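Please consult the sequence and the structure alongside the text.

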Amino acid sequence: MTKSPEQLEHELKRRSKAAKLEIWGRVVSFTALIIIAAVVVAIIGFVASKGLATFTTNHVNLWSFLSGKDWNPSITDAHGKPEVGALSMIVGSFLITILSALVATPFAIGTAVFMNEISPGKGAKILQPVTELLVGIPSVVYGFIGLSVIVPFTRATFGGSGFGILSGTCVLFVMILPTVTSMSADALRAVPRYYREASLALGATQWQTIYKVVLRAATPGLMTAVVFGMARAFGEALAVQMVVGNAALMPHSLVDPAATLTSVLTTGIGNTVMGSLQNNALWSLALVLLVMSLVFNLIIRLIGRKGRLQ
Amino acid sequence: MFMSSDVQRRTAMQERHVTQPHEAGHPIVLATEDLHVYYGSKEAIFEGDLQFAQNQITALIGPSGSGKSTYLRSLNRMNDRIATVKGRIMYRGVDINQPDIDVYEMRRRVGMVFQRPNPFAKSIYDNIAFALRLRGVTAKTKLDEIVETSLRQAALWEQVKDDLDKSALALSGGQAQRLCIARAIAVKPDILLLDEPASALDPVSTSQLEDTLLKLKQHYTIIIVTHNMQQAARISEYTAFFNQGRVLEYDTTSQIFTNPQVQVTSDYVSGNFG
């Protein structure tokens, strides 16, 4: 029995159950997207409005905030201006981030090479869970170990109080190691097998293949891994605060007490009144942190795009 | 007595038929003796006893999974970390399947080109100079010279001589495969192993590649795995037919294609299976 065109049209235009489910699925995922986007926008907006209040309401000069070395929001200087120079903390944060990334990168890439190229069976089976375990340790535990092991060690070795950039670097090195390692391993895994085969078939040794072919091909991925580790180090608060010394002074050596943006925030935020200059200045630090994490994200995306173009 | 000719032929067919090239007086550069390859406990090659004649092209044909690629990859120990290879691989009188053989030095003499063109993400020049630099050749004039002769031998020089600094990834499939051949012959190997080098190429590139191989034969001994029986018939002097991990027939290519002695070979080359 053939159907009339009207019947056929009715059947084809009728909303089937599958079509209704399709619309439902779209609504759910779109709602989720809207909520997440709203949360992100709200956080950025809130931090920005609070952070910018230092400059709009309290009339602090943006340049003097970024370049001033003295941090003492509760005191005004000779000109009657509050002392809110964040440079020492910005320097502290960058120093500790870059140093820990510098120390962690060779270890992380070495571990990733071992897991992926040299002993993909046994080595990966042991090292994979170990690195995953390191990720799972809470930062307060890292800080506590740093406080009771690393700080006394630096004190005994270099003198001084033991608190400072060096101790912070040691703690952060261990904390970012698993992130950089597992992302480096992913980057190496993404290098096509035929690159290795081509190199080996030309008579290259395994080490020559790793060094000249695999690591070169994985460079964008490895850089992304390092920047991710740096982003993590830059944002880490608790563990750093426990070992860095929390003195908002310009660090003159790696073993002098210093401060980072995060450590000043965590120590200070409970002791200030909402809306006061002291409070607003802390929000400004939070804004700097937020902007920096956006910059890290941007770098990661740029590297990723460059990697795809190659 | 009254059997039809077809049935007569069938009964005359053998299980296995191997005529090694030394019987025809060709010098042999590579031979496998009693070769067995295992993936774990699974045996992939049961017995591979083949000889390869100098400056000739030998084709390895057979259906998918017959072990011809596994066999080829064993010849320059590319299976070392993947499979267990037992038996002897005699290269000019030396068993290169011994554990104390320097595989890196051996692979310079026994080069390999793969199914999929696999140039490095480097310039055309650096692709060819790669293996040379690893071996300590750094003099620019020397490198220039070898890059040019290799590209000329691979019939690619005229097309890329002005673009040597461009990325090798921008080459077409056929050009990239010839670059891989140029890269392999830059270290002046003795034997060239090719694992289905034309399977990812269009007919025009395939025919250019075949011309290149026919010219290269003067300098190298070539062993090629191919799915394309016309290709084997066009370019090779000897053909080995693999089936289920065994060499069922090995003879001159004209014998294999016009007068196969084994039923399965006959079925395969006439397109009845595979």
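## Strand 12 of chain B and its partners

In chain B of this predicted model, B:Val18 has B:Tyr250 of strand 12 as its bridge partner. The two strands concerned, strand 1 (residues 17-18) and strand 12 of chain B, run in the parallel sense and pair over two bridges.

Strand 12 of chain B also pairs with strand 11 (residues 238-243) of chain B, here in the antiparallel sense and over six bridges. Within strand 12 of chain B, B:Arg246 is the residue that stands opposite B:Asn243. Strands 11 and 12 of chain B form a hairpin with two residues between the strands, and B:Gln244 adopts a positive phi near 50° in this hairpin. Strand 12 of chain B, which spans residues 246-252, is mostly covered, with five of its seven residues buried.

## Helix 10 of chain B

Helix 10 of chain B comprises residues 253-258, and B:Thr258 belongs to it. Is B:Thr258 buried or exposed? The residue counts as exposed because it has 10 C-beta neighbours inside 10 Å, and a residue with 12 or fewer is placed in that class. The C-alpha atom of B:Thr258 lies 9.1 Å from that of B:Val269, a residue 11 positions away along the chain.

## Helix 4 of chain A

Helix 4 of chain A covers residues 87-118, a run of 32 residues. From its first C-alpha to its last, helix 4 of chain A reaches 45 Å, which is close to the 46 Å expected at 1.5 Å a residue.

## Contact between the chains

Contacts between the two chains involve 14 residues of chain A and 19 residues of chain B. On the side of chain A that touches chain B, the elements giving two or more residues are helix 8 (193-201) and helix 9 (206-217) of chain A. Helix 8 of chain A provides the largest share of this side, six residues. By class, the side of chain A that touches chain B consists of nine nonpolar, four polar and one charged residues.

## Annotated domain of chain B

An unreviewed UniProt entry places the feature "domain: ABC transporter" at residues 30-269 of chain B. Over residues 30-269, chain B is 38% helix and 26% strand. The end C-alpha atoms of that segment are 26 Å apart.

Notes. Residues are numbered from 1 along each chain as its sequence is written. Chains are lettered from A and ligands numbered from 1 in the order in which they are written. This is a predicted model: local features need pLDDT of at least 70, side-chain atom pairs count only at pLDDT 80 or more; totals for chains, interfaces and linings use all residues. A residue is buried if 20 or more other C-beta atoms lie within 10 Å of its own, exposed if 12 or fewer, and partly exposed in between; C-beta atoms are placed from the backbone. Helices (H or I, at least four residues) and strands (E, at least two) are DSSP runs, numbered from the N terminus. Two strands pair if DSSP finds at least two bridges between them. The expected span of a helix is 1.5 Å times one less than its number of residues. Two residues are in contact if their C-beta atoms, placed from the backbone, lie within 7 Å. Ala, Val, Leu, Ile, Met, Phe, Trp, Tyr, Cys and Pro count as nonpolar, Asp, Glu, Lys and Arg as charged, and the others, Gly among them, as polar. UniProt positions are given in the numbering used here, feature names are shortened, and annotations may be inferred rather than shown by experiment.
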